[in-house]
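Dear colleague,

Please find the structure below, handed over for your files. My notes on it follow directly after.

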Amino acid sequence: MVELKTQLPRIFDSFAQARQDGFLAMKKLKDSGTGVVGQFCTYTPQEIFMAAGLVTVGLCATSDETIPDAEKDLPSNLCPLIKSSYGFAITDKCPYMYFSDLVVGETTCDGKVKMYELLGKIKNVHILELPKRQNTPQAKALWREELVRLKERVEKDFHVTITDEMLQEAIRRRNMERKLLKELYELSTLTPPPLTGMRQLQVLFGAQFKFNWEEKIKEIGNAIAGIRQAYDAGERPVPASAPRILVTGCPIGGVTEKVVRVIEEAGGVVVVFENCTGAKQMDRQCREEGDPLTNIADHYLQIGCAVMTPDTNRFELLERLCEQFHIDGVVEMTLQACHPYAVEAHSVKLFMQERNIPYLQLETDYSTADIGQLSTRAGAFVEML
Amino acid sequence: MGQVSIGIDCGSAACKGVLFLDGAVKAATVRPTGWNPKETAKAVLDELIVKAGAKREELSITATGYGRVGIDFAERKVTEITCHALGADFILPGVRTVVDIGGQDSKVISVKDGKVQSFQMNDKCAAGTGRFLEMSAHRMGVDMSGFAALLKEGKSCAISSMCAVFADSEIVSLLASGKSREEVAGGIVNSVAARTAALAARIEMESPILLTGGLSELVGLKKALEVQFQLPVITSELSRFAGAIGAARKGLS
Ligand code: SF4
Ligand code: SF4
């Protein structure tokens, strides 16, 4: 056990570097003949690829390196996530994009949808029609149909047959992963939390670039045990007085870690992320009994995201997390030109006002030029809590 | 000596400092920030110490403003939002809204008992800031006091450009088309006031409203803001020191 604690920094580093280190691991997998599917969005039902023995990787770019290239084809006032992802694709600078045999996208926001059309000219792209409603029988039926179509596409492109048993096993595995990552971030319900928001994000974000499932499960388990042990031994990486912040909004990770950094440098601590890399994805379990494809479809369709209308599930989750994590303030990160989240931000603000929870919206992009501005805003926000 | 606290507000254009003793401003000074905020802040500090005859050892120093990061001799650093609220509450006890139009940003802060309730900030775009007014004055060949004089008669004309760069060329063509400098100056101030009102519309605006920052002495701006807000706007000769006063108060708490 003592060993675990001393290993903790190494475990954290391993997650922090997972995206970088994953390049080699993926090359090996490719060389050994494993197929790779690239995805952009939390609505992508990974179980289908997992069932087929394929590796899934997130393609959402998180740096501004290729934005100038992307702007040759795309308008400049477009969400940086879309621009940079496309930029990495056309410049062949992202190994994950390069290795992907199939890229799966959904009809989420308009910018992404149109970008996928362009991407389709250079990559093997499959688009899922994601409904904007979550509770009508028509929406549910359409989405399930779309998953059937996806399953058939995967079977055809990779010359495999996906059985119900395989899907069931994939659901079980993904559930276990969700449960463990949830257990990890729920450690921060403690006061003071046993880890900073920066660390938590590194683990959540890094986990998606660990391609060996068994090892990943073991590593997350070790991280949880190590953090617990260190805490029990009296280690307190965060002072009890630090205001507890919930971060919500657009996908976060990579360069947008800066939002977490400025909050924590100002003396706050991020205890939970209601973003795609966080609770949005891990909060619920997928049903295991019954028709697996229906279960997968039902599970994914209920993810709360601003592309849905009405986006009831996001607010339900926000409310629950605010209580569970004893939240002192909510910070919403919106990426420049992201209409779904920027418009919904107003509803989130009102929602928090009704509950007397201070709220701050930070708009940012993939550059580092606005660090000073962000830290003044985040600083003033933390000072007022 | 009693409890001495110094607040230094190092903004993009000017570095302000106050020395607080027994709950009152004993000395205040301001100088252009220049290219080296840290050196300037040091000079402000030295000047305050001399003015008040204080000893360096008995001082508590708090820095704020965008240059605060580099001020390594400060005991604490606090954002300008918090400091403006606290300073405004000293200048005008019971203040509910602070409007600060600074050199490179502008902000509207909702305040209660000197504490920030919420705030809105524009720091991404030059239009609506002091820099924009300075640039425009320069374009018309006057300094800020000359600009203030142009505003006396309350004339104005419409300026439609939302961007400082385009407004700059619009000013040139307005002047060329025969508009007077008084009218153009009025138009510019109105556009800054309109931008500020748009910012203010995003928070709950309540009276009393205090205008702070270097432009608080510009009577024409105060009037234009009152028209936009449809509420009275108060200024004070201490207004430009609001951030520094807030910092000094922070050092006492
Ligand atoms: S924020 Fe919404 S659209 Fe974007 S990746 Fe997440 S689930 Fe998909
Ligand atoms: S952040 Fe917003 S605009 Fe960008 S891809 Fe996601 S939903 Fe679309």
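Predicted model: local features only at pLDDT ≥ 70, side-chain atom pairs only at ≥ 80, totals over all residues.

How many aromatic pairs does the count come to over all chains? The count comes to 9 aromatic pairs, where rings of Phe, Tyr and Trp (its six-membered ring) pair if their centres lie within 6.5 Å, and planes under 30 degrees apart count as stacked, over 60 as edge-to-face and the rest as tilted. One of them joins A:Tyr96 and A:Phe209, which are stacked, with 5.4 Å centre to centre and 20° between the planes. Because A:Tyr96 belongs to helix H6 (residues 95-99) of chain A and A:Phe209 to the loop between helix H10 (197-207) and helix H11 (213-232) of chain A, this pair ties together parts that are 113 residues apart in sequence. Helices (H or I, at least four residues) and strands (E, at least two) are DSSP runs, numbered from the N terminus.

Residues are numbered from 1 along each chain as its sequence is written, chains are lettered from A and ligands numbered from 1 in the order in which they are written, and side-chain values use heavy atoms, with hydrogens and water left out.

A:Tyr96 and A:Phe209 also belong to one aromatic cluster, together with A:Phe23, A:Phe205 and A:Phe211. A:Lys210 lies over the face of A:Phe15, at 4.9 Å from the ring centre, and the charged end of A:Arg236 sits over the ring of A:Tyr231, 3.7 Å from its centre. The rule requires NZ of Lys or CZ of Arg within 6 Å of the ring centre and within 35 degrees of the ring normal.

Which residues are around ligand 1? They are A:Phe40, A:Cys41, A:Thr42, A:Tyr43, A:Thr108, A:Lys112, A:Pro251, A:Cys276, A:Cys305 and A:Tyr341, a residue being near if one of its heavy atoms lies within 4 Å. This shell divides into 7 nonpolar, 2 polar and 1 charged; Ala, Val, Leu, Ile, Met, Phe, Trp, Tyr, Cys and Pro count as nonpolar, Asp, Glu, Lys and Arg as charged, and the others, Gly among them, as polar. Ligand 1 lies between domain 1 (10-162) and domain 2 (166-384) of chain A, because both give residues to its shell; the domain bounds come from an automatic or database domain assignment.

Finally, the backbone. Most residues other than glycine have a negative phi, and most peptide bonds are trans. The peptide bond from A:Thr191 to A:Pro192 is cis, with omega near -10°, and A:Pro192 is in the loop between helix H9 (164-186) and H10 of chain A. The bond from A:Thr309 to A:Pro310 is likewise cis, with omega near -10°, and A:Pro310 is in the loop between helix H14 (292-301) and H15 of chain A. A:His159 has a positive phi, near 50°, and is exposed, with a relative accessible area of 72%. For A:His326 phi is also positive, near 50°, while this residue is partly exposed, at 48%.

With kind regards

Key
Buried < 20%, exposed > 50% of the residue type's maximum accessible area, 1.4 Å probe, protein only.
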